[in-house]
Amino acid sequence: MSTSTAIRRKSRSKVSLLRVENGRVSRRSDQVATEEPLEIRLEAKGGKAGERKTVAVTMRTPGHDFELALGFLFAEGVIGSREEVARAVYCTNAGEPQQYNIVNVELRREGLPELGGLDRHFFTSSACGVCGKSGLENLQQRCAPIVSGLRVSAGVLRGLPQSLRKGQKLFDSTGGLHAAALFDAEGNLLALREDVGRHNALDKLIGLALMEGRLPLSECMVLVSGRASYELAQKAVAAGVPVLAAVSAPSSLAVEVAEAFGLTLVGFLRESFNVYSGLERIDL
């Protein structure tokens with residue numbers, strides 16, 4: 001698999017504002033997280049006419065766009081390995097400038113795969129994930145229960161939020177980004193991605209692991225900022241992650257997914273934490 005050279009996009013944007021303080025108004029500038037659409041297109045071998053399809057449009061923070069596209073396609077079951085992908089490139093049309101908000105993913109196969117529940121054009125926001133996503137039954141058809149010998153101490157778990165926060169460089173300057181971080185069993189930070197959408201941040205992590213040939217992530221933990229939603233739980237299952245932790249609450253569907261697939265799900269991770277599934281992986 002090859003990818004075109006990633007062009008650095010602005011992950012932060014400068015805006016002007018009016019600051020109201022102590023009854024006075026002053027004009028200032030500030031850095032905010034950039035939010036732009038990314039269209040993910042799937043192409044058959046050679047990019048033949050009629051064998052190209054828009055799979056998704058998601059609102060994201062520019063940066064690591066190829067990881068985002070590949071991680072999304074893997075987590076949704078459209079591709080099963082990096083060997084299926086010939087290349088990921090930004091869209092270019094003859095005589096037109098580079099389209100940095102469109103990623104074309106070219107497959108090695110002739111013809112496009114059956115997309116099942118994704119066999120339509122759909123939109124994902126930066127807030128809530130995919131509207132009309134496949135449910136738990138669909139996930140059970142394509143994913144097996146998680147098999148992993150990983151065990152982690154409660155002390156290591158308690159230290160993860162601080163490591164995640166230290167790694168959030170874009171959050172430091174904007175205050176408006178979610179993060180997903182990958183850790184080993186000793187709590188060492190392996191990778192971290194930020195985005196306006198928490199599901200995008202996790203897709204970027206999964207895409208990175210796919211590109212590096214590290215899937216399944218059966219000896220790793222994932223910590224996400226904010227809550228643990230169904231989207232995040234199903235992505236963790238697809239990537240073979242045995243432990244998913246969140247600094248906030250899980251949803252009811254996230255708990256159902258965790259119980260069905262043997263995923264250790266931790267919420268409200270601070271000095272204390274709640275374990276909703278898979279306590280056997282945690283050394284107390």
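**Entry 1: Ser277**

I began with Ser277, which has 11% relative accessibility and therefore counts as buried, since buried means under 20%. A reminder to myself before going on: this is a predicted model.

I then looked up where Ser277 sits, and found it in strand 16, which covers residues 274-277. Which residues does Ser277 touch, leaving aside those up to four places away in sequence? I noted Ala258, Glu259, Leu263, Thr264 and Leu265.

A polar atom of the Ser277 side chain lies 3.0 Å from the backbone oxygen of Leu263. For the backbone oxygen of Ala258, I wrote down 3.5 Å to a polar atom of the Ser277 side chain.

**Entry 2: Cys91**

Next I turned to Cys91. Is Cys91 buried or exposed? Its relative accessibility is 2%, so Cys91 counts as buried. I placed Cys91 in strand 6, made of residues 85-91.

I also checked Cys91 against Val103, which is 12 residues away along the chain. The C-alpha atoms of Cys91 and Val103 are 5.8 Å apart.

**Entry 3: strands 2 and 3**

Today I followed strand 2, residues 12-21, into strand 3, residues 24-33. The two strands run antiparallel and are joined by 10 bridges. As one handy place to look, I marked Leu17, which stands opposite Arg28 in strand 3.

How many residues lie between strand 2 and strand 3 in their hairpin? I found 2 residues there, and Asn22 in the turn has a positive phi of about 55 degrees.

Val20 has 62% relative accessibility, so I put Val20 down as exposed; the cut-off for exposed is over 50%.

My last stop was strand 5, residues 52-60. I noted that strand 5 is mostly covered, with 7 of its 9 residues buried.

I looked up the pairing with strand 4, residues 36-43, as well: strands 4 and 5 pair in the antiparallel sense over 8 bridges. To find the pairing on screen, I went to Ile40, which stands opposite Ala56 in strand 5.

Note on methods: Residues are numbered from 1 along each chain as its sequence is written. This is a predicted model: local features need pLDDT of at least 70, side-chain atom pairs count only at pLDDT 80 or more; totals for chains, interfaces and linings use all residues. Side-chain values use heavy atoms; hydrogens and water are left out. Helices (H or I, at least four residues) and strands (E, at least two) are DSSP runs, numbered from the N terminus. Buried means under 20% relative accessible area, exposed over 50%, partly exposed in between (1.4 Å probe, protein chains only). Two strands pair if DSSP finds at least two bridges between them. A polar contact is a pair of N or O atoms within 3.5 Å; within protein, one must be able to donate a hydrogen and the other to accept it, and residues adjacent in sequence count only if both atoms are side-chain atoms. Contact means heavy atoms within 4.5 Å.
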